[in-house]
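Please give a brisk report on this protein model.

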Amino acid sequence: MFSDSIIWYLFLGGGGAGAVTVLALCDLLFGRWSKRPGRERLAWTQELSTPFFVRGYLFAGGALVLGTLCLLLDLAHPERFLYVLLYPTASVLTFGSYVLSATVACTVALGAIALFGSARTPLALIKALEVAAVACGTATMVYTGVLLAQIGFIPLWGSPLLPVLFACSSLSVGAACALAGAWPEAAATGRLMRTLSRADAALIACEAVVLVAYLALAAGVQGQGAAVEALLQGPEAWVFWIGFVGVGLVLPLALDAAFAATGASSLVAVAVPFVLVGGFFLRYCIVNVQFV
């Protein structure tokens, strides 16, 4: 039913939104704010450095823009996206178009602030943009799963756990992108990398738990059992077991554990692409379940 461009949209849009959310939360939760009179600016710690945010928002913005282009490419008439924005209706499609556009706008704004310096930007504006980025990014992540659930072309898509599964995966991809942004300064960002690595491991574990619950729930629903069987035992089940479970879940978890034990930052560099590959193959398997 869907072309490969939609799979890329689900992956890039969700992963980019996850990266924006993680980056904004890093600053909101772990940043040290300047409280000196007359200096309304971020006083980033050495670990939460400007290059870290510049690289992170570059990754996130690039993923969101490419994801949007994939969506437009799939539309027979790309101008329909603009039409939805200009003439909104009470529909999931309208909601998704607006939150995606808002997430892109927040990413561009925060990336510009990080790139050109925060000294000229009011602190209240930066905080407001980061809160908005978390809200819009979360909505975009969930929407990528709601989109399939609303279509309902395949019974397996109708599960209420699908948006949760996609959100966990998107946050894991986002944490991996943040780790990639911190890695070039590994000597100075050790604590930040350990925190992000632990967060990524927890998100992967949550993703695995939600996946098991998602498949178990679907297996007991009439009309979905065959889809689950095809996903797990079909001719292309190896894509699910190797591409997603093996590469996307087991290997990153093992590398995160090894990094926690040894502190070798090179392990993080290896784990990041595995997380990204796993995030793509999750969506590939779910979208193409009727064919496997």
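The report below goes from the overall fold to individual side chains.

This is a predicted model, in which local features need pLDDT of at least 70, side-chain atom pairs count only at pLDDT 80 or more, and totals for chains, interfaces and linings use all residues. Residues are numbered from 1 along each chain as its sequence is written, and side-chain values use heavy atoms, with hydrogens and water left out.

**Fold.** The protein has 10 helices and 0 strands. Helices are DSSP runs of H or I with at least four residues, strands are runs of E with at least two, and both are numbered from the N terminus. The order of elements from the N terminus is α-α-α-α-α-α-α-α-α-α. Of the contacts with a separation of 6 or more, 77% join residues 24 or more positions apart. Contact here means heavy atoms within 4.5 Å.

The protein has 292 residues, and 50% of them count as buried. Buried means under 20% relative accessible area, exposed means over 50%, and partly exposed lies in between (1.4 Å probe, protein chains only). The accessible surface is about 12900 Å², with 71% belonging to carbon and sulfur atoms. Areas come from the Shrake-Rupley method with a 1.4 Å probe.

The largest nonpolar core holds 73 residues. Such a core is a set of buried Ala, Val, Leu, Ile, Met, Phe, Trp, Tyr and Cys residues joined through side-chain atoms within 4.5 Å. Y9, F52, L148, L156, L196, F240 and I286 touch the most other members. Helix α1 (residues 4-30) gives this core its largest share, 12 residues. I286 contacts L148, W157, L162, F166 and Y214, leaving aside neighbours within four places in sequence.

**Helix α4.** This helix covers residues 92-116, 25 residues in total. The expected value is 1.5 Å times one less than the number of residues. Buried residues of α4 include T94, G96, S97, V99, L100, T103 and C106. G117 follows α4 and has a positive phi, near 100°.

**Cysteines.** How many disulfides are there? The count is 0, taking a disulfide as a pair of cysteine sulfur atoms within 2.5 Å. The sulfur of C136 has its closest cysteine sulfur in C106, 4.8 Å away, so the two are too far apart for a bond. C106 is buried at 9% relative accessible area. C136 is also buried, at 17%.

**Aromatic rings.** The structure holds 10 aromatic pairs. Rings of Phe, Tyr and Trp (its six-membered ring) pair if their centres lie within 6.5 Å; planes under 30 degrees apart are stacked, over 60 edge-to-face, and the rest tilted. Two of the pairs are tabulated here.

| Pair | Centre distance | Plane angle | Class |
|---|---|---|---|
| F240 and W241 | 5.2 Å | 80° | edge-to-face |
| F281 and Y284 | 6.2 Å | 80° | edge-to-face |

F240 is buried, with a relative accessible area of 3%. W241 is partly exposed at 43%. F281 and Y284 are 3 residues apart in helix α10 (residues 265-287), so about one helical turn separates them. F281 is partly exposed at 24%, and Y284 is partly exposed at 23%. Ring pairs also link W8, F11, F280, F281 and Y284 into a cluster.
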